[in-house]
Amino acid sequence: MTEIKKRFHSINDTIRQTEKLHERVPGSVQLLAVSKTWPADNLRTVAELGQRQFGENYLQEALEKIEALSDLNLEWHFIGPIQSNKTRDIAAKFDWVQSVDRLKIAHRLHEQRSAALPPLNVCIQVNIDDEVTKSGTSADDCMALADEIAQLDRLCLRGLMVIPTKQTDVDAQRDSFRRAHALFTRLQQEFDGIDTLSMGMTGDVQAAIAEGSTMVRIGTALFGERTPQRK
Ligand SMILES: *Cc1c(COP(=O)(O)O)cnc(C)c1O
């Protein structure tokens with residue numbers, strides 16, 4: 001068995017076992033394969049194992065991979081910081097954008113999403129630990145932004161995405177995720193169609209599932225360590 005195949009089965013096993021441990025509905029946590037820096041061939045290997053959802057952070061390399069893999073029916077999620085001059089390509093080529101954190105970006109994506117395509121699925125990125133260096137709206141501003149996005153008919157608001165402070169202590173990890181889940185519950189009470197709480201990466205996947213994640217974004221545990229030269 002190839003390394004990548006082993007890792008694919010191993011991360012899926014971890015997700016299923018953690019669902020069970022925390023009495024989550026079996027299959028309620030989806031895997032987003034985060035493929036930044038990896039060449040299209042590696043993504044193809046994972047796609048052949050049955051993976052459909054891929055997450056990319058850097059627009060230029062993402063566009064090349066989307067083109068190279070256009071024979072497969074993949075679902076592409078943009079998960080990196082968004083500059084305004086990048087919204088046109090994102091609106092044209094992606095199925096989801098998880099890193100919407102301000103109204104200006106939401107407006108541009110709405111205006112640039114073709115009427116020939118289904119609405120672009122979006123998550124609001126929330127800076128759940130209020131880190132100065134990190135993108136994301138504050139938890140306080142999240143509901144107001146959701147109100148605005150809900151009125152844009154070329155966008156379909158699906159939920160929240162969070163990247164908490166890196167911590168190794170599981171209780172500390174769970175504390176951030178618990179706050180994200182509380183905000184997600186409020187969002188679900190106020191808006192229709194909210195079904196996605198995107199949280200959990202290689203280092204904190206179990207804590208995220210314990211606290212209600214519906215989508216974990218996994219890079220390293222699936223593709224291996226990213227080398228600095230590869231970004
Ligand atoms: C890179 C990245 C991931 C994956 O991180 P790993 O620790 O490699 O699993 C998940 N989410 C976002 C937003 C990322 O940029």
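Trainee: Is Trp-76 buried or exposed?
Mentor: This is a predicted model. The relative accessibility of Trp-76 is 5%. The cut-off for burial is under 20%, so Trp-76 counts as buried.

Trainee: Which kind of aromatic pair do Phe-54 and Trp-76 form?
Mentor: Their ring centres are 5.8 Å apart, and the planes make 35 degrees. Stacked needs under 30 degrees, and edge-to-face needs over 60. The pair is therefore, by the rule for the rest, tilted.

Trainee: How many residues apart are Phe-54 and Trp-76?
Mentor: Phe-54 sits in strand β2 (residues 53-56), and Trp-76 in strand β3 (residues 75-78). Their pair links distant parts of the chain. The separation is 22 residues.

Trainee: How many aromatic pairs does the count come to?
Mentor: Rings pair if their centres lie within 6.5 Å. By this rule the count is three.

Trainee: Which kind of pair do Trp-38 and Phe-223 form?
Mentor: The centre-to-centre value is 6.3 Å, with 20 degrees between the planes. Planes under 30 degrees apart count as stacked. So, by that cut-off, Trp-38 and Phe-223 are stacked.

Trainee: Where in the chain is Phe-223?
Mentor: Its partner Trp-38 lies in the loop between β1 (30-34) and α2 (40-48). Phe-223 is 185 residues away, in helix α9 (residues 220-223).

Trainee: Which residues are closest to the centre of the largest pocket?
Mentor: That pocket holds about 540 Å³ of space. Its lining has 22 residues: six nonpolar, nine polar and seven charged. Closest to the centre are Lys-166, Met-201, Thr-202, Gly-203 and Arg-226.

Technical notes:
Residues are numbered from 1 along each chain as its sequence is written. This is a predicted model: local features need pLDDT of at least 70, side-chain atom pairs count only at pLDDT 80 or more; totals for chains, interfaces and linings use all residues. Side-chain values use heavy atoms; hydrogens and water are left out. On a 1 Å grid over the protein atoms alone, a cavity is a set of points where a 1.4 Å probe fits but cannot get out, and a pocket is an open set with protein on both sides within 12 Å along at least five of seven lines; lining residues have an atom within 4 Å of a point. Grid points are joined across faces, edges and corners, and a volume is the space filled by probe spheres set on the points. Ala, Val, Leu, Ile, Met, Phe, Trp, Tyr, Cys and Pro count as nonpolar, Asp, Glu, Lys and Arg as charged, and the others, Gly among them, as polar. Rings of Phe, Tyr and Trp (its six-membered ring) pair if their centres lie within 6.5 Å; planes under 30 degrees apart count as stacked, over 60 as edge-to-face and the rest as tilted. Helices (H or I, at least four residues) and strands (E, at least two) are DSSP runs, numbered from the N terminus. Buried means under 20% relative accessible area, exposed over 50%, partly exposed in between (1.4 Å probe, protein chains only).
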